[in-house]
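Please examine the sequence and the structure shown below.

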Amino acid sequence: MFETHDFISFKPKFIEVIEDHAIWRIITDPFLAPYFHALRSGPLTRRELKHRYLEISNSPISDQTFMKYLKKLLNLGLIKVAGQRQPSKKEEDRVLYARSAYLYYFMPMHLKGMDKEDKERFSQLIRIFAQVAIKKNLNSAHFVEKTAIEVEKRLRTTIKRLNKLEMNEELSFLLRDLPWSQIQHLLNLTFGLALLANNKTLMRTFDRCLA
């Protein structure tokens, strides 16, 4: 009996920030999303990936269509060849595939990128929401907008810094089986701590909002 070994040559990033709506639609497409769900637990061979795909999607898929989708995701760089499983003679049992990142985080269009009308509407809404949450009156929506843009900037910086994390054994163990809702909460808490730790400039900006 031969012992099976995985030779891993690719390590996914912890998080990949997606700012392109077209790419996000691909990741969340009902026919393509099962690839990402299947590979969440680690690299799989083609045969294993298709087996997990069928379990997750609960609908049949031909080998031709399965390979067409897989090649599309490989060409986009969202799935990578991760290494090899040995010993194995057949390619479908040898080549290992992995996600490009453990998490995909969609960064929607931010205030700074909106047109004037939408920006003013969002600023007014933020002002109304914030006044209820903070229990203080806020000045003009213009100051609220400036503060919101600064907060957004810091959110983007915090999330993108997480790109530097690599999926090691400790991180994989701690994150195992966590649903996306809990991971999203984890990221929000991390951002909150980062905001508190670097708040001098932001607080000076926010002080101008208070009536």
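A residue is called buried when its relative accessible area is under 20%, exposed when it is over 50%, and partly exposed in between (1.4 Å probe, protein chains only). The model is a predicted one, in which local features need pLDDT of at least 70 and side-chain atom pairs count only at pLDDT 80 or more, while totals for chains, interfaces and linings use all residues. Residues are numbered from 1 along each chain as its sequence is written, and side-chain values use heavy atoms, with hydrogens and water left out.

M107 has a relative accessibility of 4% and therefore counts as buried. The residue is found in the loop between β6 and α5; helices (H or I, at least four residues) and strands (E, at least two) are DSSP runs, numbered from the N terminus. Apart from neighbours within four places in sequence, M107 is in contact (heavy atoms within 4.5 Å) with V17, I18, E19, R156 and I159. M107 and H21 are 86 residues apart in sequence, yet their C-alpha atoms are 9.2 Å apart in space.

Strand β1 (residues 5-8) holds I8, which counts as partly exposed at 44% relative accessibility. With neighbours within four places in sequence left aside, I8 is in contact with P43, A82 and L96.

The charged pairs come next. Ten salt bridges are found in a search of the whole structure, each being a side-chain nitrogen of Lys or Arg within 4 Å of a carboxyl oxygen of Asp or Glu. One of them joins the side chains of D6 and R85 at 2.7 Å, N to O. Because D6 lies in strand β1 and R85 in strand β4 (residues 79-86), this pair ties together parts that are 79 residues apart in sequence. D6 is partly exposed, with a relative accessible area of 39%, whereas R85 is buried at 16%. R85 also meets E48 in a salt bridge of 2.4 Å, N to O. E48 lies in helix α3 (residues 46-57), so its pairing with R85 in strand β4 ties together parts 37 residues apart in sequence. Shared partners join D6, E48 and R85 into one network of salt bridges.

What does a search for aromatic pairs find in the whole structure? The search finds six; rings of Phe, Tyr and Trp (its six-membered ring) pair if their centres lie within 6.5 Å, and planes under 30 degrees apart count as stacked, over 60 as edge-to-face and the rest as tilted. W24 and F106 form a stacked pair, 5.2 Å centre to centre with 20° between the planes. This pair links distant parts of the chain, with W24 in helix α1 (residues 21-28) and F106 in strand β6 (residues 101-106), 82 residues apart. W24 counts as partly exposed, at 24% relative accessibility. The rings of Y35 and F66 are likewise stacked, since their centres are 5.2 Å apart and their planes at 20°. Y35 and F66 are both buried, and ring pairs link Y35, Y53 and F66 into a cluster.

Finally, the surface may be considered. F129, in helix α5 (residues 116-134), is exposed, with a relative accessible area of 57%.
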